[in-house]
Amino acid sequence: MSKLIRAAATSQTLSLAAMEEASRFGLRDADIEHLFLALTIDAGIGGQVLRSLGITLDVARSAIEKQQVDQLGSLGVQADSAGGRIVYPETGGYDWTERVVAVMREAVSGDRDGDSAAVLRALLDEPSGLMTDLLERMDVEPERIIDALDDAAAMIAEHRRTAGEQPTIHGTHTAFVPADPLDVWTLLADGERLAEWEPTIGEVVRRDAATGHWEARTRTVGSGGKPLKIRDGIRRQYAESVRSERPSHVTWHFTYPDEPRSNARVVSVDIEPAAGGAQLRLSFGWELHAGRRRRRVMGALLRPVFRFLCFVQLTQIAGGISRAFR
């Protein structure tokens, strides 16, 4: 994976989680503390290092709320800093603050490759002093995080020297969810709850007793309440549970019965225990209709587009699963 692609993927994942956290407080600008919260649930090295040091989502949220109470108290203002539920992407108009933009820019400067470890290093160097104060409240010294990042980088470098760089597998994504693996599996395996995490499904209507398929309606409202243009042929979906192994795996197969020549979607999730929650390996792909498999030249030309669309689908699915537990 190139530095550009890695940085773009990290930015997309962290942006989604940070803006979700900002939305809990009715904010439209995701700031330093929201980026830090996003890192605590990141599946990459940055998130793994934080959780290994006991910095989970709940721990970080508590420290940030106390920090905000103290800051308001110093101004003579008493307020409840507890956040509400996540309302992103129901609401729109979110963006980074300038100092977060500076952090993200620093994460790709020099020999930093823009992954979550690089973002965490850049965040620790952020000059406002907010991170220093926040870490003190959690009784964690910045040097401990840096040492853990250095150790992880050394292990990765050694692995690459001995095993070689692994080829990129298109249509897969790794995510972390701050929830018990069994609870995650229970959500994903339940057909009635598909709309809670699968981004294209607006509601589940019924289960067909004969086939066992779930009938669902395609989502018609996008981010910020914006209506989506949905063709008549794909307003209805069938969802089939292809494989379900409690509590470690689910696979769903999605089709559009009113448009039989459309491509089917397959979503698989492997669930493993991890510090502070569950580590997910998601796989997404399209099953091309037989009449479209012959278009090899056009398919080769559009392959980068398909890869990007797979990535978008995977990050949306991962975000939906994470939101269900936050």
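Ser 116 has a relative accessibility of 4% and therefore counts as buried, where buried means under 20% relative accessible area, exposed means over 50%, and partly exposed lies in between, with a 1.4 Å probe and protein chains only. This residue is found in helix α6; helices (H or I, at least four residues) and strands (E, at least two) are DSSP runs, numbered from the N terminus. The model is predicted, so local features need a pLDDT of at least 70 and side-chain atom pairs count only at pLDDT 80 or more, whereas totals for chains, interfaces and linings use all residues. Residues are numbered from 1 along each chain as its sequence is written, and side-chain values use heavy atoms, with hydrogens and water left out.

The side chain of Ser 116 makes a polar contact with the side chain of Asp 42 at 2.9 Å. A polar contact is a pair of N or O atoms within 3.5 Å; within protein, one must be able to donate a hydrogen and the other to accept it, and residues adjacent in sequence count only if both atoms are side-chain atoms. Leaving aside residues up to four places away in sequence, Ser 116 touches Thr 10, Leu 39, Asp 42, Gly 44, Ile 45, Gly 46 and Gly 47, a contact being heavy atoms within 4.5 Å. Helix α6 (residues 116-124) is largely enclosed by the rest of the structure, because 8 of its 9 residues are buried; among them are Val 119, Leu 120 and Leu 123.

The side chain of Gln 67 reaches the backbone oxygen of Leu 130 at 3.4 Å. Gln 67 also touches Asp 133, Leu 134 and Arg 137, and although Gln 67 and Arg 137 are 70 residues apart in sequence, they are 8.1 Å apart in space, C-alpha to C-alpha.

The chain has 11 helices and 9 strands, and 7 strands form an open sheet with antiparallel pairing, in the order β3-β9-β8-β7-β6-β5-β4. Its edge strands are β3 (172-177) and β4 (201-207), each of which pairs on one side only. Two strands pair if DSSP finds at least two bridges between them, and two pairs of this kind are set out below.

| Strand pair | Bridges | Residues opposite each other |
|---|---|---|
| β6 (residues 236-245) and β7 (residues 249-255) | 7 bridges | Glu 240 and His 253 |

For the chain as a whole, 41% of the 326 residues count as buried, and among contacts between residues at least 6 apart in sequence, 60% join residues at least 24 apart.

The average pLDDT of the chain is 87, and 88% of the residues score at least 70; pLDDT is the predictor's confidence in each residue, from 0 to 100. Among the elements, helix α9 (residues 181-189) has the highest mean pLDDT (98) and helix α10 (residues 296-301) the lowest (43). Over residues 162-169 the pLDDT is below 50, and this stretch has 4 contacts in the model beyond near neighbours in sequence. The pLDDT is also below 50 over residues 291-302, a stretch with 5 such contacts. Where pLDDT is low, the predicted coordinates should not be read in detail.
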